[in-house]
Amino acid sequence: MPPARKVSEFLREGNDRFCKAGLPSDITVVVDGVSFHLHKFPLISKCGKIARLYEESARKHEKIFTTVLEEFPGGPDMFLIAAKFCYGMRVELTSRNIVMVYCAADYLEMIDEFGEENLLSKSESFFYKNILHNWKDCILALQSSEPVLQRAEKLHIINKCVNALSVMVCTDPSLFGWPMMMYGSLQSPGGSILWNGINTGARIRSSESDWWFEDISYLSVSLFERLIKAMETKGIRPENIVGAVMHYTRKYLPGLGRWQGGQHGIPRTVTSFSFTPISLDQRVVLESIEKLLPQKKGKSFCRFLLGLLRVALILGASQTCKDSLEKRIGRQLEFATLDGLLIPTYSDAETLYDIDTVQRIIQHFMSSESKVTPFSPASVELETSPSSGPLRLVAKLIDSYIAEVASDVNLKPGKIRSLAEALPDSSRTLHDGLYRSLDIYFKAHPWLSDKEKEELCNIIDFQKLSIDACAHASQNERLPLRVVLQVLFFEQMHLRTALAGHLNVLETESAPTGPVNVQAEMAGQIIQRDGWVTMVRENRVLKVDMDKMRSRVGDLEEEFSKIKQEMKKVSKSHSSLSSPHVVARRIGCNLLSRPSDDKPVTIGSTGPSPRASVEQARFSCHSRHKKSFSLF
C-alpha cells in the first residue's frame with residue numbers, strides 16, 4: 001500500500017532513519033548499523049533485490065520484514081539516495097557520487113523491469129553523457145570510485161574512465177574542457193575565462209604538454225598505474241609519461257625534492273573546485289612507481305633515480321625495488337653526478353657513506369658495458385671506441401667519489417681498493433685521480449703501515465701519472481720510500497722517451513728523402529698531441545743543465561780567488577824564488593824570456609800578460625754567470 005501523501009523528507013534519530021510519510025513503517029533495512037524504517041510498496045516496486053528478499057520472507061509468514069544489506073556500496077548515504085528515488089523524491093547526481101550511486105543501483109537491482117527509467121538506467125545515462133566527455137568530471141568520478149572499486153570494476157566503470165582520460169590527453173583540451181588546476185580563479189568550471197566573476201565564453205589556449213600532470217596526481221596509486229599503462233597503449237609520448245610519473249612521485253615523496261635541485265614544472269593554483277587530497281603510504285607509492293619507470297637515459301632522469309634510491313633506503317623498501325633501482329642507475333651511470341652518488345649510510349654501518357651500494361651500481365654498469373661490442377686495440381684507438389666515452393666518464397666520477405669518501409676515518413683500505421679496481425685499467429688515461437684519492441686517504445689515516453700503503457699504491461700505474469703528479473709524488477712524505485723511488489724511475493723514463501721521440505722527429509724532418517721511421521711517426525704523433533708536455537719536460541732538462549752551469553761557475557770563482565791570493569804573495573815577495581817565472585810555472589803559465597836590460601820588451605802579438613789573462617778570465621766568468629741566471 002503506497003503512503004498516504006508524498007514524502008518530503010527523512011528524519012534522523014540516532015542510528016535510525018524514518019520516512020515522514022504519515023503511515024507507520026512495515027519494513028526495516030539495516031545498512032552498516034543504520035536502520036531505515038520504510039514502507040514495502042515503494043521499495044519492492046523499484047528494487048528487485050528487496051522484492052526477492054520480501055517474497056522469501058513472506059513464505060515464512062513473517063509479520064515484520066527486516067533485512068540486513070551486507071557490504072552495501074557507498075554505505076548508508078548511498079542507500080538513502082536510492083530510498084529517496086524509490087519514494088519519488090528529487091535525487092541529484094554529480095561527478096562525485098555517480099559511481100557509488102551507479103553501484104548501489106546495481107546492488108539493489110533497480111533495473112527497468114521494476115519500473116521505467118529506473119535508477120540504474122538513469123545513472124548509466126548520466127555517466128555516459130556527462131562524465132566521460134568532461135576531463136574534470138571524469139577525474140572526480142574516478143577518484144570517488146575508491147570505496148566501491150571492486151563493483152565498479154565489475155561494471156567496467158574504471159576501464160571506461162581510464163580510456164576516456166587517455167584519449168582526452170591526446171586531444172585538444174578545448175574540446176572537452178580545460179584542466180581545472182592550470183589557471184586557478186581565472187577559469188570557470190566549464191573552461192572559459194572569467195572577468196570579474198563573469199563567464200566571457202573565451203577559451204584559454206595553451207601549448208604546454210604537461211597540463212594534465214597535476215590533475216591525475218590526485219588519483220590513488222592503483223588507479224594512477226592503470227591510467228599510465230592505458231596512456232602507453234594509446235601512444236602517448238614517452239617523455240610525457242615520464243614527466244607525469246616524476247610529478248606524481250615528487251608529490252607523494254616529499255623527501256625526494258631535497259636531491260632534485262629545486263622545483264620542477266609550472267606552479268598551479270588550486271581552485272575552489274579542486275580535487276580532494278589523498279593520503280598514501282610512501283613505501284607503496286615508491287614500489288609501485290618503480291614498476292612504471294621506462295628504460296630511459298638522461299641526466300635529469302638519472303638524478304631522479306638516485307633520489308628514489310635514497311628514499312627507498314630510508315623507507316626500507318623491498319629488496320626487489322632497491323635492486324631494480326640500482327640496475328637502472330648502473331645502466332646510465334655516466335650521467336650521474338658526485339652529489340647524487342654520495343648516499344649516506346642509513347643503517348648501523350661504520351662508514352659515513354654507503355660504499356656497498358655504489359659498488360653494486362658500478363658492477364651493473366660494467367655488466368651493461370660488457371654487452372657492447374668490444375673494440376680491438378690493434379685496429380681502433382681507445383678514443384674511437386663506442387664504449388670508451390661512458391667508461392672514461394664513469395672512471396672520472398668514481399675517482400672523485402673515492403677522493404670524497406677517503407676522508408672517512410672508518411673507511412677500510414679494502415673498500416678503497418675494491419672501488420678503484422671495479423673499473424678496468426683502460427678506463428683511465430691518467431691515474432692522477434687515483435693518486436689524489438690515495439693521498440687524501442693517507443692524510444686521513446696516518447696510522448697506516450708502509451706495507452698497507454704499498455698495497456694500496458699498487459692500484460696506481462705510475463706510467464700514467466702526469467708531470468705535475470710525479471713532481472708532487474716525488475716529494476710526498478706520506479708515500480712509502482719504495483713508492484717514491486718508483487715514481488722517480490718512471491719520471492726519468494718519461495723524460496727519456498719524450499726526448500728520444502723529439503730527436504727522432506727532428507731527424508726525420510731534416511732528412512731529404514727516404515722511408516719514414518715508424519717510431520718517428522709515433523713520436524711525432526705523441527708530440528703533436530701532447531706538445532705542451534714535451535715542452536715542459538724540455539724546460540726541466542734545460543733547468544738541470546743550467547744548475548750544472550751555475551755549479552761550474554761557482555767552481556771557477558773559487559779557483560780565481562786562489563789565483564788572486566797567489567798573486568798577492570808574489571807582489572810582497574822580493575826573493576828570486578818568488579819571481580814571476582816561478583809563480584807562472586806554479587799556476588801553469590809560460591812566460592817569454594826578456595833581454596838583460598831593465599826595460600821590458602813589449603810583446604803585442606804573442607798574447608796578454610798573466611794578470612791580463614786572469615782579469616779577462618774573471619770578466620768572462622762573471623759574464624757567463626750573469627747570463628746563466630738571466631734564464632730563470
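Two strands count as paired once DSSP finds at least two bridges between them. On that basis, this predicted model has an open sheet of 5 strands, running in the order E1-E2-E4-E3-E5 with mixed pairing. Strands E1 (10-13) and E5 (65-68) sit at the edges; each has a single partner strand, so one side of each goes without a neighbour in the sheet. From one strand to the next, the twist averages 20°.

A closer look at the E1 end comes next. Strand E1 pairs with strand E2 (residues 16-19) in the antiparallel sense, over 4 bridges, and Arg12 ends up opposite Arg17 in E2. Helix H3 (residues 75-86) packs on the sheet, where it touches E1, strand E3 (27-31) and strand E4 (34-38). The direction of H3 makes about 10° with that of E4.

The chain averages a pLDDT of 76, and 68% of the residues score at least 70. Among the elements of the chain, helix H4 (residues 98-107) has the highest mean pLDDT, at 96, while helix H26 (residues 610-629) has the lowest, at 40. Over residues 1-5 pLDDT stays under 50, and the model gives them 10 contacts beyond four places in sequence. Over residues 574-579 pLDDT likewise stays under 50, with 5 contacts beyond four places in sequence.

Rolling a probe the size of a water molecule over the atoms shows where empty space is left. The structure turns out to hold 2 cavities of 30 Å³ or more, and the largest cavity contains about 40 Å³ of space. The largest cavity is lined by Tyr435, Leu438, Asp439, Phe442, Cys457, Ile460, Phe462, Ala473, Leu479, Val483 and Val487. Helix H19 (432-444) and helix H22 (481-510) each supply at least two residues of this lining, and H19 provides the largest share, 4 residues. By residue class, the lining of the largest cavity divides into 10 nonpolar, no polar and 1 charged.

How values were computed:
Residues are numbered from 1 along each chain as its sequence is written. This is a predicted model: local features need pLDDT of at least 70, side-chain atom pairs count only at pLDDT 80 or more; totals for chains, interfaces and linings use all residues. Side-chain values use heavy atoms; hydrogens and water are left out. Axes are lines fitted to C-alpha atoms, for helices over the stretch in contact, and angles run from 0 to 180 degrees between N-to-C directions. Contact means heavy atoms within 4.5 Å. pLDDT is the predictor's confidence in each residue, from 0 to 100. On a 1 Å grid over the protein atoms alone, a cavity is a set of points where a 1.4 Å probe fits but cannot get out, and a pocket is an open set with protein on both sides within 12 Å along at least five of seven lines; lining residues have an atom within 4 Å of a point. Grid points are joined across faces, edges and corners, and a volume is the space filled by probe spheres set on the points. Ala, Val, Leu, Ile, Met, Phe, Trp, Tyr, Cys and Pro count as nonpolar, Asp, Glu, Lys and Arg as charged, and the others, Gly among them, as polar.
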